[in-house]
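These are my notes from one sitting with a structure. I wrote down what I looked up, in the order in which I looked.

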Amino acid sequence: MENQQLTQLLLDWFAQNGRDLPWRYKGGAHPNPYIVFVSEMMLQQTTVKTVIPYFTRFIQRFPTVQDLASATDDEVAKYWQGLGYYSRARALLHTAQTICQIYDGHFPQIESEVAKLKGFGPYMTASFLALAFNQPQTVIDGNVMRIMCRMFGLTQPLDEIQPKIRQYAATLASKTHPADYASAIMDLGATVCTPKKPLCVLCPWQKYCASNGRADIEQIPARRSVSKKEYNGFVFIICNAKGQIYIRKRSEKGLLHGLYEFPWNTATPDWLSDVSASENYVTHVFTHIKMKLQIVYASAAKAPNDGFFVLPTQLTDYPMSTLMQKVCRYIKITKARSTE
Ligand code: SF4
């Protein structure tokens, strides 16, 4: 079968089975590039189900690119809190400011200009131009890679066959309905050609797929296993004489930059007193590292200048990573002895 016939089969399937999502445009409505931008940034490495409530809240608070551009870092991080990969929140704000300051509030449509915006890697650039401006693009993410590998029987490890995947994806991408095709292939990957137990009987490409009926279908695409490093340490819940808790802001660079946190380390800082280790742990898996921190209670009359004390009720005003939000559950107040 010709590739463009396969493309049409998928578009027909999408017209009947496409998901109804809050950022989708149906019935010929003109896409709002800002809505596409926010949703695509949120959807990177995060599931649709997780994103929907965040997206809804975010757009209620920041309905236009101008509203977002005038927000503070902390406020955007607060609305992002729980989505992870916080560098995306920073990039979102930075790009909104660029759009307002340099492009007079209108997103550019030229690929080389879009690719320079913060947060726009090759995937984001292609998906944004396809969805927001209906430009023919080859959009490749994990869904597309999985579908191409299965459709064309590519069983080698993913990192060895990227050029082939791109070649196949390019031949199937629609030149006439790029936005619908980009949404369609995402929906096929999310609802039919899923990583586990793909529903091949519902697939518009079943008759033409090299992997249909294979017993090892869940092993396609093949991946090399990468072991995650482990980090074991302590996280300190530190009280002062007023029953306030010590927090600090992470530096503006590196993992989780700009978020607030309780001090954590593999050793106890020397400015603490009444140190008492609990039996509770918090854990979280980041991209390349498994963190496991034991909760330790302590007091301090004074604290270093890199942080400050706040009332427990004020903690929700400070954006924190998912790991640090888990620590909040273990807060109990043991007031430090006052030295005043
Ligand atoms: S037939 Fe099955 S494996 Fe092939 S593309 Fe469709 S859902 Fe995926």
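**Entry 1: ground rules.** I am working with a predicted model, where local features need pLDDT of at least 70, side-chain atom pairs count only at pLDDT 80 or more, and totals for chains, interfaces and linings use all residues. I number residues from 1 along each chain as its sequence is written.

**Entry 2: the whole chain.** I found 12 helices and seven strands in the protein chain. Helices (H or I, at least four residues) and strands (E, at least two) are DSSP runs, numbered from the N terminus. The C-alpha atoms fill a box of roughly 80 × 50 × 30 Å along the principal axes. I noted that 34% of the 340 residues count as buried. A residue is buried if 20 or more other C-beta atoms lie within 10 Å of its own, exposed if 12 or fewer, and partly exposed in between, with C-beta atoms placed from the backbone. Of the contacts with a separation of 6 or more, 69% are between residues 24 or more positions apart. Two residues are in contact if their C-beta atoms, placed from the backbone, lie within 7 Å.

**Entry 3: the ligand.** Which residues are closest to the ligand? I listed Arg150, Cys193, Cys200, Cys203 and Cys209, out of 14 residues that surround it. A residue is near a molecule if its C-beta atom, placed from the backbone, lies within 6 Å of it. By class, this shell has 10 nonpolar, three polar and one charged residues. Ala, Val, Leu, Ile, Met, Phe, Trp, Tyr, Cys and Pro count as nonpolar, Asp, Glu, Lys and Arg as charged, and the others, Gly among them, as polar.

**Entry 4: α5 and α6.** I looked at helix α5 (residues 73–80) and helix α6 (residues 87–102), which pack at an angle of about 130° with their axes 9 Å apart. That makes α5 oblique to α6, since angles under 35 degrees count as roughly parallel, over 145 as roughly antiparallel, 65 to 115 as roughly perpendicular and the rest as oblique. Axes are lines fitted to C-alpha atoms, for helices over the stretch in contact, and angles run from 0 to 180 degrees between N-to-C directions. On the α5 side I found Asp73, Val76, Ala77 and Trp80, and they meet Ala89, Leu92 and Leu93 in α6. The residues of this contact divide into six nonpolar, no polar and one charged.

**Entry 5: α2 and α8.** Helix α2 (residues 33–43) packs against helix α8 (residues 122–133) at about 145°, with the axes 10 Å apart. I found Pro33, Val36, Phe37 and Glu40 of α2 meeting Met124, Ser127, Phe128, Leu131 and Ala132 of α8. By class, the contact has seven nonpolar, one polar and one charged residues.

Entry 6: Most residues other than glycine have a negative phi, and most peptide bonds are trans. I found a cis peptide bond joining Ile220 and Pro221, with omega of about 5°. Pro221 is in the loop between α11 (178–191) and β1 (229–239). Lys197 also lies in the loop between α11 and β1, and has a positive phi of about 45° although it is not a glycine. Is Lys197 buried or exposed? Lys197 counts as exposed because it has 8 C-beta neighbours inside 10 Å. Gln45, in the loop between α2 and α3 (48–61), has a positive phi of about 60°. Gln45 counts as exposed, with 12 C-beta neighbours inside 10 Å.
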